[in-house]
Amino acid sequence: MAHHNVLRSFATASMRNPPALPETHLILAWLGSYSSLMFWLYPNMDWTDFAIFNGIFLACLPVISRQMTPRLLACLGGPICGLISGMQIIDLCFDICILHDRPISDGFEMLQPRRLAWVYYHMVLNAPHVNSVLLGIIVICFLGSIAGIGRSSPEVQQRWLVIGAMMSVGVVSYLGAVMPRYLTIRKSSAFEASMFDGWQVVIAARLLLFLSIIVNLPLVFSLQLMPEEAEEQKCK
């Protein structure tokens with residue numbers, strides 16, 4: 001009888017004091033995303049970029065902590081979707097100028113749309129705070145989706161799977177179609193019109209990212225309204 005009481009007490013203590021470290025698959029996801037993005041971006045980094053990169057990955061560690069429940073992750077998803085939408089809408093203004101290819105007047109002279117877009121993108125892509133936000137969004141979306149799927153009850157796991165799938169489609173298309181062009185513009189020292197050839201691919205990737213947000217937002221809002229207890233049933 002005493003033996004059973006000890007086991008029961010141990011189980012109760014384990015439930016009240018969950019392990020301090022995140023789940024193994026989340027630690028591996030963090031390490032994998034860090035090493036893969038570092039391998040890809042390192043040739044274009046300076047010391048400021050290196051410091052920002054490491055600082056953002058460290059700042060995103062709480063996303064995979066045991067205290068971050070699926071409901072809290074969903075609450076974080078709303079502002080993230082807002083940031084993504086705002087940044088993409090602003091960039092889309094210059095994308096449309098490139099697509100129309102019509103000179104723009106500043107009241108004194110006519111400016112070529114590609115040259116104007118190069119000035120904007122070159123300045124924005126070399127701004128540390130913009131790069132910090134962009135990297136943070138990518139890391140949070142990736143780790144948050146995996147954590148949400150793994151920690152959700154069966155009733156809400158299907159919604160997290162849809163969120164993860166749509167996030168993957170949007171982010172992968174953005175990284176594949178937009179980021180290589182951004183890196184070229186970022187490291188350029190002078191304007192070249194050829195940098196914006198085939199820019200329709202960038203616009204298509206942006207629209208796909210918008211589509212993923214439109215699909216995900218109702219799911220994110222529904223998860224925010226879920227009782228915390230119902231979502232913690234699968235937390236390990």
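How many disulfides does the structure hold? The structure holds zero. A disulfide is a covalent bond between the sulfur atoms of two cysteines; here the term stands for a pair of cysteine sulfur atoms within 2.5 Å. The model is predicted: local features need pLDDT of at least 70, side-chain atom pairs count only at pLDDT 80 or more, and totals for chains, interfaces and linings use all residues. Residues are numbered from 1 along each chain as its sequence is written, and side-chain values use heavy atoms, with hydrogens and water left out.

Cys81 is in no disulfide. Its nearest cysteine sulfur belongs to Cys141 and is 6.9 Å away. Cys81 counts as buried, at 11% relative accessibility. Cys97 is in no disulfide either; the nearest cysteine sulfur, that of Cys93, is 7.4 Å away. Cys97 counts as partly exposed, at 26% relative accessibility. (Buried means under 20% relative accessible area, exposed over 50%, and partly exposed in between, with a 1.4 Å probe and protein chains only.)

The second largest pocket contains about 210 Å³ of space. A pocket is an open set of points, on a 1 Å grid over the protein atoms alone, where a 1.4 Å probe fits, with protein on both sides within 12 Å along at least five of seven lines; lining residues have an atom within 4 Å of a point. Volume is the space filled by probe spheres set on the points, which are joined across faces, edges and corners. The helices α2 (24–41), α6 (128–151) and α7 (154–177) each supply at least two lining residues. Helices are DSSP runs (H or I, at least four residues), numbered from the N terminus. The largest share, five residues, comes from α7. Among the lining residues are Ser33, Phe142 and Met167.
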